[in-house]
Amino acid sequence: KDTNDKLHSQLNEIDRIRQEEAQQYQCLLDSLRSDHDSSLLSLQTSLSQQLHNTEEELKKVKKENQIEQENNKTKLQAALNQVADLTENTRLLSEALRKKEKEERGEKQEEIDKENMRKISSLEQQWRSAMGVISSHQSSISA
């Protein structure tokens with residue numbers, strides 16, 4: 001009977017220790033869950049803020065791009081208007097030069113031809129310059 005009592009006492013002690021360890025394990029598990037939940041909440045808050053900041057930056061960049069595109073369209077239209085003006089001026093000048101050429105044939109023909117060529121060359125240079133401006137604006141709009 002004494003041996004049974006000792007065994008029974010030892011079993012009770014083992015059971016008591018097991019219950020204490022189970023309680024400690026449960027406390028540790030609860031603490032880990034709490035820390036984990038807190039970390040997840042902190043991470044979620046941080047990610048939400050980053051998403052918000054990214055969305056705001058995207059809105060800002062879109063607005064800047066829209067303004068830039070509108071400016072490029074305005075510049076392109078101005079360049080197209082300049083080309084139209086130069087084309088009309090070239091036509092009028094060519095017409096005037098032909099008329100003047102008919103009036104001043106003879107002794108001054110060589111001098112007139114040189115002057116006409118200079119004017120035509122100047123107009124061609126202006127036209128090429130305007131086309132370069134248009135091409136530049138079209139490239140910037142496409143980009």
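Arg 91 and Glu 88 are joined by a salt bridge in which the closest N and O atoms are 2.7 Å apart, a salt bridge being defined as a side-chain nitrogen of Lys or Arg within 4 Å of a carboxyl oxygen of Asp or Glu. This is a predicted model, in which local features need pLDDT of at least 70 and side-chain atom pairs count only at pLDDT 80 or more, while totals for chains, interfaces and linings use all residues. Residues are numbered from 1 along each chain as its sequence is written, and side-chain values use heavy atoms, with hydrogens and water left out.

Arg 91 and Glu 88 are three residues apart in helix H1, so about one helical turn separates them; helices (H or I, at least four residues) and strands (E, at least two) are taken as DSSP runs and numbered from the N terminus. Arg 91 is partly exposed because its relative accessible area is 41%, and Glu 88 falls in that class because its value is 35%. In these terms, buried means under 20% relative accessible area, exposed means over 50%, and partly exposed lies in between (1.4 Å probe, protein chains only).

A search of the whole structure finds nine salt bridges, and the table sets out three of them, including the pair already described.

| Salt bridge | Closest N to O distance |
|---|---|
| Arg 91 and Glu 88 | 2.7 Å |
| Glu 13 and Arg 16 | 2.3 Å |

Glu 13 and Arg 16 both lie in helix H1, three residues apart, which is about one turn of the helix. Glu 13 is partly exposed at a relative accessible area of 35%, and Arg 16 is partly exposed at 37%. Asp 30 and Arg 33 are separated by about one helical turn, because they stand three residues apart in helix H1. With 39% relative accessibility Asp 30 counts as partly exposed, and Arg 33, with a relative accessible area of 48%, is partly exposed.

Helix H1 covers residues 2–103. H1 has 102 residues and reaches 148 Å from its first C-alpha to its last, close to the 152 Å expected at 1.5 Å a residue, where the expected span is 1.5 Å times one less than the number of residues in the helix.

Which residues of H1 are buried? They are Asn 72, Leu 76, Ala 79, Val 83, Leu 86 and Leu 97. Asn 72 counts as buried because its relative accessibility is 5%, and, not counting residues up to four places away in sequence, Asn 72 touches Ser 140 and Ile 141, contact meaning heavy atoms within 4.5 Å.

The largest nonpolar core has six residues, namely Leu 76, Ala 79, Val 83, Leu 86, Ala 130 and Ile 134. H1 and helix H2 (109–142) each supply at least two residues of this core, and H1 gives the most, with four residues. A nonpolar core is here a set of buried Ala, Val, Leu, Ile, Met, Phe, Trp, Tyr and Cys residues joined through side-chain atoms within 4.5 Å. Ile 134 touches Leu 76, Ala 79, Leu 80 and Val 83, again not counting residues up to four places away in sequence. In soluble globular proteins, nonpolar side chains tend to be buried together.

**Surface and separations**

Leu 40, Leu 43 and Leu 47 make a nonpolar surface patch of about 270 Å². Patches are made of residues with over 30% relative accessible area and no salt bridge, like charges being joined within 9 Å and nonpolar side chains (Val, Leu, Ile, Met, Phe, Trp, Tyr) within 5 Å; accessible areas come from the Shrake-Rupley method with a 1.4 Å probe, and for residues only the protein chains shown count as cover. Leu 47 lies in helix H1 and counts as partly exposed, at 47% relative accessibility.

Leu 41, another residue placed in helix H1, is exposed because its relative accessible area is 52%. Leu 41 and Ser 129 are 88 residues apart along the chain, and their C-alpha atoms are separated by 62 Å. Ser 48 lies in helix H1 and is partly exposed at 43% relative accessibility; from C-alpha to C-alpha, Ser 48 and Gln 77 are 43 Å apart in space and 29 residues apart in sequence.
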